[in-house]
Amino acid sequence: IAGTDNENSAILQIADVSNIYSPVETARIAFAGGGATDIAVANDTVYIANDVAGVRVINVTDPAAPSIVQTKALRPSPDGRRTLALALAVHGTVLVVAGGGAAETFDITAPRELISRGTMTTTWSTDIVLETRGSGENEETLAYVANDVGGLAIFDVTPGEGIAMLGLLSMPEYAAANGVTVIGDYAYVSTPQGVFVVDLGY
């Protein structure tokens, strides 16, 4: 569980949920740099979106003794502004972290060593979905980004390839996209005005 304490510092809380009716905390770790706004787990590595600090990479091989192994600040946005880490997602060897002004893609072939592959222009991103489409030579990894007033942005972030924007769709009346889920050939985009269903055309 990632969150923010009363001092506006990020915390990671690990709990044993073998008994779902009586979870037991096994460890807690705190770190400065603003709040924790999103979390992803891949095997024994945890990635936390930590606002101005960027991405925290935490080794949880021993759930009772988690340790921070890397902190990675995000690159500035194309117009030079500091990029906040607000949302992230992991899929295979791809990690995408997004926030205000930009999203950055990392190679996590070595799970605890983030290697930047480049940035993508966004507005104020608060949710990301990663998925793989196709197979063999036609396999591609796609990132769907809830892009605030920019709507839904779709990027090709396939490992070993360049990063490319595939599409950008504004919501009706420029409703701010703050969440996205992809099921089959449809994306479900949540906004303050309701949920919009987008036919992805696959």
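Two residues are taken to be in contact when they have heavy atoms within 4.5 Å. The exercises below apply to a predicted model.

**Exercise 1.** Work out which residues Trp124 touches, leaving aside those up to four places away in sequence, and decide whether Trp124 is buried, partly exposed or exposed.

*Solution.* Begin with the location: Trp124 belongs to strand β11, which covers residues 115-124. Next, list its contacts beyond four places in sequence, which are Leu84, Leu86, Gly99, Gly100, Ala146, Asn147 and Asp148. For one of these, Asn147, the separation along the chain is 23 residues, while the C-alpha to C-alpha distance is 5.7 Å. Finally, Trp124 has a relative accessibility of 40%, and it therefore counts as partly exposed, since that class runs between the 20% and 50% limits.

**Exercise 2.** Describe the largest nonpolar core, and state which element gives the most to it.

*Solution.* First, the size: this core has 15 residues, and those with the most contacts inside it include Tyr144, Leu152, Val180 and Val189. Then assign the elements: β13 (140-146), β14 (152-156), β16 (179-183) and β17 (186-191) give two or more residues each, and β13 gives the most, with 3 residues. Taking Val180 as an example, its contacts beyond four places in sequence include Tyr144, Leu152, Ala187 and Val189, as well as Asp127. Another core, of 14 residues, lies apart from this one and has Val94, Ala103, Met120 and Val157 among its members.

**Exercise 3.** Identify which elements have the lowest and the highest mean pLDDT.

*Solution.* Start from the whole protein chain, which averages a pLDDT of 88, with 97% of the residues scoring at least 70. Among its elements, strand β1 (residues 2-4) has the lowest mean, 69, whereas β17 has the highest, 96. Where pLDDT is low, the predicted coordinates should not be read in detail.

Technical notes: Residues numbered from 1 in each chain as written. Predicted model: local features only at pLDDT ≥ 70, side-chain atom pairs only at ≥ 80, totals over all residues. Heavy atoms only, no water. Core = buried A, V, L, I, M, F, W, Y, C linked by side-chain atoms within 4.5 Å. Buried < 20%, exposed > 50% of the residue type's maximum accessible area, 1.4 Å probe, protein only. Helix = DSSP H or I, 4+ residues; strand = E, 2+ residues; numbered from the N terminus. pLDDT = per-residue confidence, 0-100.
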